[in-house]
Structure formats: structure tokens, C-alpha cells
Amino acid sequence: MSSIDRSREVGVTRSYEIRTYGCQMNVHDSERLAGLLEDAGYVRAPEGADGDADVVVFNTCAVRENADNRLYGNLGHLAPKKAGRPGMQIAVGGCLAQKDRDTIVKKAPWVDVVFGTHNIGKLPVLLERARVQEEAQVEIAESLEAFPSTLPTRRESAYAAWVSISVGCNNTCTFCIVPALRGKEKDRRPGDILAEVEALVAEGVSEITLLGQNVNAYGSDIGDREAFSKLLRACGAIDGLERVRFTSPHPRDFTDDVIAAMAATPNVMPQLHMPLQSGSDTVLKAMRRSYRQERYLGIIEKVRAAIPHAAITTDIIVGFPGETEEDFEQTLHVVREARFAQAFTFQYSKRPGTPAAEMADQIPKEVVQARYERLVALQEEISWEENKKQVGRTLELMVAEGEGRKDGATHRLSGRAPDSRLVHFTKPDQDVRPGDVVTVEITYAAPHHLLAEGPVLDVRRTRAGDAWEKRTAGAAAEPAGVMLGLPKIGVPEPLPVAANSGCGCD
């Protein structure tokens, strides 16, 4: 470990940068880490710092085969920067830190702190201890020390927020290492969740996403099988909360009372992300997924009957060990039947430490690639057809911040429809802020977005827009912040289908 400047001047503000990889849980954890550091007196490094901060934190993911190579490559890039910057510190947390523990410091001895998924609240203390003792601090808790939502938070959005309702997972999917790293499911008390939601709404937030590794299993830890549907209905009673979403559910736990609550609660959005993983009963059994094709399609049918305009998205893994051509055809069959608005599609890759990594009949790369391309082509066709059905509809959009990459050149703004479809719309004459709501008519559909090329029909200024404006005004007087490289709040804009957008463990 390189030397630390113990004589640094007291009262000098230190900067931080957080680099986040993996699923929504890591995204939310990074908001907590940012809040902890700012509560301890750190400030965000200027945008584009690229390792020039006083503290660089890696919040890691362990579910991809090359996750460790990516981490050590980034750590190696920072080694010369740290050598030339006395007092700089590097911390590694998250799932890979929980898994590899002491290995990180052995491979990258210039790392100052390694912490796990269960003790993110210790980061400021561990950084200070490393500075004073001039040696690396490795502290991995085996169980949750404090529920993350009790920690300070620096949220990435003024108008939309994640709200964690549980941590951990009780499933044993053979391709997933998350339960081993995040532990058994632990639920928050409903009153604590609703109190956080109410506090967020009081601050101007108008959209929340309930977050859990297996979100609709909520209640198993507190002994109430209908706790999740009750929570959705309770969110519907919160004045000022306009949109409620949740991710990610598991088909095993998706019960009729949840569908009824979604249909009956106006601010629960007509959108559902329901991971499929495979359409083959044989592969689902090998994955240790506790549902079969008929059960899955039955859920989709019930959701569509209760919520006709619901947009349903999914996760699919191609090339799981032992997958035959017949198995893959069953996946294509489910995709045709379910008609997903979008599918996040992954080529199977070994997760070290999972049963699937040791299974026989690993599929050759060229076979996986060919099947993957066929699946992507089918889903692109369906996504486009489903989006074309939106043309002519009048929709309310919540104006988004920074989701339209070409908005500046096209003189458009972007927003999310109730079903979370991304819509680019003509910029109106009056001022419109992220968090405000506009009414538009859809005129064109592409596979991954919609256009509203006519004039905006209505603009509704909101408390969420006020909150964004207040935050932006405050930020103008401070150094520019570093974005965490995270997906957007709510269901993210569809990523390139080969992207590592999450753990795929749901």
C-alpha cells in the first residue's frame, strides 16, 4: 500500500468519486455511499475526474465471468495516479469484495479499504482508519449490520427515487451467486418503508421504485404472504405520490392479490418486469427456477386481463448449460406468446462459485451467439410491433433528465409514459423541467422509443419539477458532480442487448 500523507491539513475538503457496476441494488447502495461520504465532509469530484479524486470507490458486481478482470484492470490504471498523489485512497466494496475478501489487497496492494455488501455504513470509518494506521483495512461482515435505508443518501434524482423494501434472496438459482453474497432475505417493516416514501414525497419526489432482490417475496421474513400487495395499496394512499413501480419480481411469488393491487391502485404504473430466463421446462428445472412455462404464461395472461395496456419486460439467458435446440425453441415460443415490450437478453457466462459453472454440457460460444442473434431479431420485431400500437394514443409523460441523447440536436425533450416507454417529444414554447408532466400524442414508433412530433397538448408544472429546479440552482453554486455511471431512475432506457445491465438473477 502506498504511503498516506498523515499531515494533511485539517479542514481541507476531500473529493470522492464512485464507480458503480451491476444491478439496481448496487445503484442504490452507491447513493448510500455518496450520502455517507458527504455526511463525513467529502464532496463530489468534478465531472470527468477519472480517478483524480482524493477517494475513489468501486462498488462491484460479481455475477459476470470477467468481473474480477474488469476490477483489477481499473485498479491497475489508478496505481500510478495514486503513486503521484499523496493522500489518495482507493476503496473496493460490493459483491466482488464480499466474495474475494483478502484477495483484492493481495492482487492490488495499493487498495486502502475493502468492505462487503453488509457493512457499507463503515466506509468513512475504514477510510480514516486506513489513513491513520497506514495499512489496508479489510472488513467483511457476514450478516447485515444496518438496513441500508437507515444510512444517509445522496440521491441521483430530485423527482424519482429507489426505495429498498428488502435485501438478500432466499432463492437458489444455479446461475446466480447473489444469495451467497447478500444473504437471506431480510424485510423492512412496512411502517419504515412508508415513512421513507412520505419523506421523499415531502421533498418533491413524485415517482418511487420499490426495490428488492426478489421484491414480491416481501413479507416472507415478517410472516405475511400478502404484505407486498398491501404495501402497493398503501402507497396508493400517499398524497402527492404520482407513480409507483417495483423491480424485480419472481414468477414463483407473483400472486393474484398483487395483480389485483396493481389494477386497483391508480398510482401503481401499468408496467411489469418479469424475468423469464428460459422458456424450456427442462432448462428452468436445471436453473432451479420454481415455475414452468405454463405458470409463467398464465401470469402474463392474468396481468393483461386486469391491466390491458401493461407493458411487460423480461430477462432471458441464452445458452445455459445443457440447452438444446428444442429448449431454445421453447424460449422463442414464450417470447412470441408473451409479446414483451422489451427483453434484456444475456448470453450465459459462468459465474464462479455457482453450480451452473460446474455443469456438464457447456454450450459452445458459436452456438450461443447464433441463438442469441435469433432471439434478439425476434424480440426487436415484436418490440417494434408493440410500439406501433401506441401510435395515436394520448399519453402523460413525466419529463426526464438526460435520457434523450439526441435531444439537443433535434430540439426535443424526453419523458417516460406510465408504462415506462421512452418518448421523445417536441419542445414546447413554455419552460418544462424534469419532473413536470406533459400530455402528448404519439405519432411514430421505433423498436426502443416513441415520438410525439406534434405540439405538446398540455404542460403541468409539479412539485417534482420545483424540487429539480431547486437542486439545480443549488448545484450551480457548487463544483459539478460526478455521475455514477448508473441507469436512470425507474426502468432504464433499454440498453444494447449485449450490455451488462444487471445480475439477471431474478
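This is a predicted model: local features need pLDDT of at least 70, side-chain atom pairs count only at pLDDT 80 or more; totals for chains, interfaces and linings use all residues.
**Entry 1: helix α1**

I began with helix α1 and found 13 of its 16 residues buried, so the rest of the structure largely encloses this helix.

Next I checked the length of α1. At 1.5 Å a residue, its 16 residues should span 22 Å, and I found the end C-alpha atoms 23 Å apart, which agrees. I then looked at what comes after the helix: α1 is followed by G41, which has a positive phi, near 105 degrees.

**Entry 2: the sheet**

In what order do the strands of the open sheet run? I traced 6 strands and wrote down β2-β1-β3-β4-β5-β6, with parallel pairing. At the edges I found β2 (43-44) and β6, each of which pairs on one side only.

My helix from the opening entry came back here. Helix α1, residues 24-39, packs on this sheet and touches β1 (15-20), β2, β3 and β5 (113-115). I also looked up its direction, which makes about 170 degrees with that of β1.

Strands β3 (residues 55-60) and β4 (residues 89-94) run parallel and are joined by 6 bridges. Within this pair, I saw V55 of the chain standing opposite Q89 in β4.

I turned to strand β6, residues 137-139, where Q137 is found. Is Q137 buried or exposed? I looked up its relative accessible area, and at 9% it falls under the 20% cut-off, so Q137 counts as buried.

What does the side chain of Q137 make a polar contact with? I found the side chain of Q133, at 3.3 Å. Not counting residues up to four places away in sequence, Q137 touches D112, V113, V114, L126, R129 and A130.

**Entry 3: the nonpolar cores**

Last, I went looking for the cores. The largest nonpolar core has 66 residues, and the members that touch the most others are I208, L210, L232 and F254. Helix α13 (residues 365-388) gives this core its largest share, 6 residues.

I took L210 as my example and listed its contacts, leaving aside neighbours within four places in sequence. Among them are V163, I165, V215, F228 and L231, and I also noted L232, C235, V244, R245, F246 and T247.

Apart from this core I came across another, made of 25 residues, including A45, A49, I104 and L181.

Note on methods: Residues are numbered from 1 along each chain as its sequence is written. Side-chain values use heavy atoms; hydrogens and water are left out. Helices (H or I, at least four residues) and strands (E, at least two) are DSSP runs, numbered from the N terminus. Buried means under 20% relative accessible area, exposed over 50%, partly exposed in between (1.4 Å probe, protein chains only). A polar contact is a pair of N or O atoms within 3.5 Å; within protein, one must be able to donate a hydrogen and the other to accept it, and residues adjacent in sequence count only if both atoms are side-chain atoms. Contact means heavy atoms within 4.5 Å. Two strands pair if DSSP finds at least two bridges between them. Axes are lines fitted to C-alpha atoms, for helices over the stretch in contact, and angles run from 0 to 180 degrees between N-to-C directions. A nonpolar core is a set of buried Ala, Val, Leu, Ile, Met, Phe, Trp, Tyr and Cys residues joined through side-chain atoms within 4.5 Å. The expected span of a helix is 1.5 Å times one less than its number of residues.
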